[in-house]
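Please keep the model open while reading.

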Amino acid sequence: MAEPKTMFDKIWDSHLVEEKDDGTCIIYIDRQIIHEITSAQAFDGLRDAGRKPRDPGANLLVPDHNVPTTPGRGGIDEIENEDSRVQLEVFDRNAKEFGLPYIPINDVRQGIVHVIGPEQGFTQPGLTLVCGDSHTATHGALGALAFGIGTSEVEHVLATQTLLQKPSKNMRITVNGTPRECVTAKDIILAIIGKIGTAGGTGCVIEYAGEAIENMSIEGRMTVCNMTIEGGARAGLVAPDEKTFEYLKGRPMAPKGAAWEQAVEYWKTLRSDPGAKYDIEVELDASEIEPYVSWGTSPEMVAPIGSVVPNPADIADEAKRSTVEGALKYMGIEAGMKLTDIHVDKVFIGSCTNSRIEDMRAAAAVAKGRKVADSVYAMVVPGSGLVKEQAEAEGLDKIFVEAGFDWREPGCSMCLGMNGDMLQPGERSASTSNRNFQGRQGPGGRTHLVSPAMAAAAAVTGHLTDVRELTAEAAE
Amino acid sequence: MEKFENISGVAAPMPDHNIDTDRIIPARFLKTIKRTGLGVNLFNDIRYKDDGSEVEDFVLNQPAYRKAEVLVAGDNFGCGSSREHAPWALKDFGIKCVISTSFADIFFNNSFKNGLLLIRVTPAQRDALLEDAKKGANARIGIDLENQKIIRPDGEEIDFEVDPFRKHCLLEGLDDIGITLQSEDKISSYEDKRKSQMPWLQGAQL
Ligand code: SF4
């Protein structure tokens with residue numbers, strides 16, 4: 001009998017075009033999503049070399065990183081910042097010049113690349129999908145081998161539909177058990193990164209498995225796969241199942257009719273074979289995970305909300321100690337202080353990690369009937385125009401607005417400090433995004449990563465809060 | 001791409017671990033539509049104060065390191081965002097080689113595609129090279145890619161590994177796309193096979 005294979009091995013093998021003597025492989029890339037900030041130089045490269053996209057229909061273009069999210073925003077020509085406007089104009093021109101499928105800024109389908117890929121059915125199990133953005137790992141939630149690439153590689157894929165790669169190692173993270181109340185996909189992935197560290201998955205593709213992952217919604221799986229890169233791995237994978245098929249069925253770019261049946265048959269063959277071998281195995285028990293927050297400047301600097309800021313003096317390794325000391329200094333917090341004593345100035349609910357309809361619902365459930373604290377500015381930024389529409393149909397926008405949140409247009413927004421939504425120096429946020437690096441949300445800004453429900457809780461109390469206290473209060 | 005030449009120059013020490021690409025080039029500088037000109041904003045937020053003046057004790061602002069060609073860095077250099085602006089900014093500043101114990105995967109690929117050599121060494125070797133680098137202008141570090149050697153200021157040589165294909169591309173200044181297109185026929189026959197085996201992937205419409 002053939003060697004049992006992992007899901008990664010199966011997808012890799014089925015996309016191998018050529019293996020060279022030194023082990024470098026040409027891998028076929030089925031699909032690419034392209035956004036404005038990592039593509040201008042790639043299109044210039046094509047033009048300079050007189051090359052054309054090999055398969056225009058394999059691409060999908062959408063602006064997200066650098067678009068304003070101001071309610072009622074206009075078109076590109078109304079963008080005030082000149083560099084931003086030029087970047088979006090160039091993107092628009094490139095989309096048209098090269099004849100590529102394109103969702104422009106004020107199309108209702110516009111949104112964050114990693115929200116709209118699955119939403120449009122562009123992302124499907126078993127295919128290889130890339131984007132010039134490291135959170136492309138998100139798409140692995142549907143069973144696609146999806147990873148982030150740089151601009152030179154964007155150009156390489158446009159010109160050749162392939163990439164030069166070497167196979168990754170196989171890592172499996174099994175999350176057993178049932179999570180406690182208010183513990184979400186976000187808390188689980190933060191706990192995983194806390195355990196394996198930001199370089200724990202370097203060189204690997206991480207397959208997420210176990211009861212907690214199987215029972216998770218597709219949106220939740222996307223949140224988990226999204227932050228795979230924060231654990232150092234380029235791609236995350238979850239085996240496609242009935243939930244995946246249900247999610248995809250009827251999406252605009254999903255297969256239809258007989259092709260659908262044929263595709264599903266194939267997708268069912270993708271899960272790892274029993275007995276497949278992994279280079280690294282990690283196990284967690286979901287029932288032991290508490291709501292998590294990050295306290296430092298790296299996504300591995302996380303702790304359960306009920307704990308205190310760690311003390312560098314307790315760390316033996318000198319380099320680690322000085323990294324933690326630097327982080328506390330940057331964050332403006334003291335060793336030993338309770339995490340719930342950390343006050344926030346801004347709350348950001350959005351980003352490709354947590355801006356889907358479920359995230360909106362979870363945040364709204366906490367916001368309902370409460371008010372944003374006077375000292376806090378809070379914003380909700382849906383991941384796409386369609387998420388926004390759905391949320392409005394459910395009346396979630398009203399809940400947010402009544403509570404004092406800003407309800408905005410879709411885009412990356414304050415996940416990264418570039419499009420006008422930013423932290424000011426010294427300001428502190430509770431944010432549902434994925435990176436708490438120094439200056440990520442604006443120079444001098446301080447970020448605490450949390451789930452949507454925890455972000456809403458911080459917004460109403462003005463400090464990091466265990467959301468379970470609010471829900472318990474409400475139940476009384 | 002220009003060919004990679006041997007280096008003999010000053011190396012700047014950056015011992016912090018997990019130096020991420022947001023630190024290397026903050027997001028607000030990604031509005032550019034060019035590959036060049038990012039060197040002035042390399043490490044912007046730790047290199048300059050709010051008023052635009054230089055942070056004196058930041059390593060690349062010190063006289064000895066203003067023209068550094070090599071960085072010796074803490075573990076997991078280049079983690080985070082996939083922005084190729086990070087190697088562009090390093091190259092534009094004049095950095096030609098970064099030495100560390102480990103690099104993030106995407107940054108690793110992006111760097112080689114831009115002629116920036118990344119060398120992995122053991123933690124002990126890295127620590128020794130950090131000590132060398134701290135001597136500033138008095139200590140020149142040599143990089144010989146052809147023979148895969150780092151030459152310490154005292155003449156001691158450290159051998160390093162590099163992927164043969166990447167080495168070849170760096171030394172010859174080769175463009176990946178051209179190399180891949182030599183396999184056109186194989187790509188075409190893969191596409192024919194995919195058409196018959198996975199027909200649902202053809203021609204998806206928005
Ligand atoms: S939301 Fe943030 S992490 Fe996601 S694609 Fe946009 S900038 Fe990147």
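## Second largest cavity

About 140 Å³ of space lies in the second largest cavity. A cavity here is a set of points, on a 1 Å grid over the protein atoms alone, where a 1.4 Å probe fits but cannot get out; lining residues have an atom within 4 Å of a point. Grid points are joined across faces, edges and corners, and volume is the space filled by probe spheres set on them. The lining has 17 residues, and A:Ile229, A:Gly232, B:Cys79, B:Gly80 and B:Ala104 are closest to the centre. It divides into 6 nonpolar, 7 polar and 4 charged residues.

## Basis

This is a predicted model: local features need pLDDT of at least 70, side-chain atom pairs need 80 or more, and totals for chains, interfaces and linings use all residues. Residues are numbered from 1 along each chain as written, chains are lettered from A and ligands numbered from 1 in the order written, and side-chain values use heavy atoms, without hydrogens and water.

## Largest cavity and ligand

The largest cavity has a volume of about 190 Å³. Its lining counts 22 residues, with A:His65, A:Asp133, A:His135, A:Leu416 and A:Arg440 nearest the centre. The ligand takes up this space. Residues around the ligand (a heavy atom within 4 Å) include A:His114, A:Ser351, A:Cys352, A:Cys412 and A:Asn434. This shell has 5 nonpolar, 5 polar and 2 charged residues.

## Nonpolar cores

The largest nonpolar core has 201 residues. Such a core joins buried Ala, Val, Leu, Ile, Met, Phe, Trp, Tyr and Cys residues through side-chain atoms within 4.5 Å; buried means under 20% relative accessible area (1.4 Å probe, protein chains only). A:Phe405, B:Phe43, B:Leu60 and B:Phe77 have the most contacts inside it. A second, separate core of 9 residues includes A:Leu164 and B:Phe165.

Terms used: On a 1 Å grid over the protein atoms alone, a cavity is a set of points where a 1.4 Å probe fits but cannot get out, and a pocket is an open set with protein on both sides within 12 Å along at least five of seven lines; lining residues have an atom within 4 Å of a point. A molecule sits in a cavity or pocket if more than half of its atoms lie within 2 Å of its grid points. Ala, Val, Leu, Ile, Met, Phe, Trp, Tyr, Cys and Pro count as nonpolar, Asp, Glu, Lys and Arg as charged, and the others, Gly among them, as polar. Buried means under 20% relative accessible area, exposed over 50%, partly exposed in between (1.4 Å probe, protein chains only).
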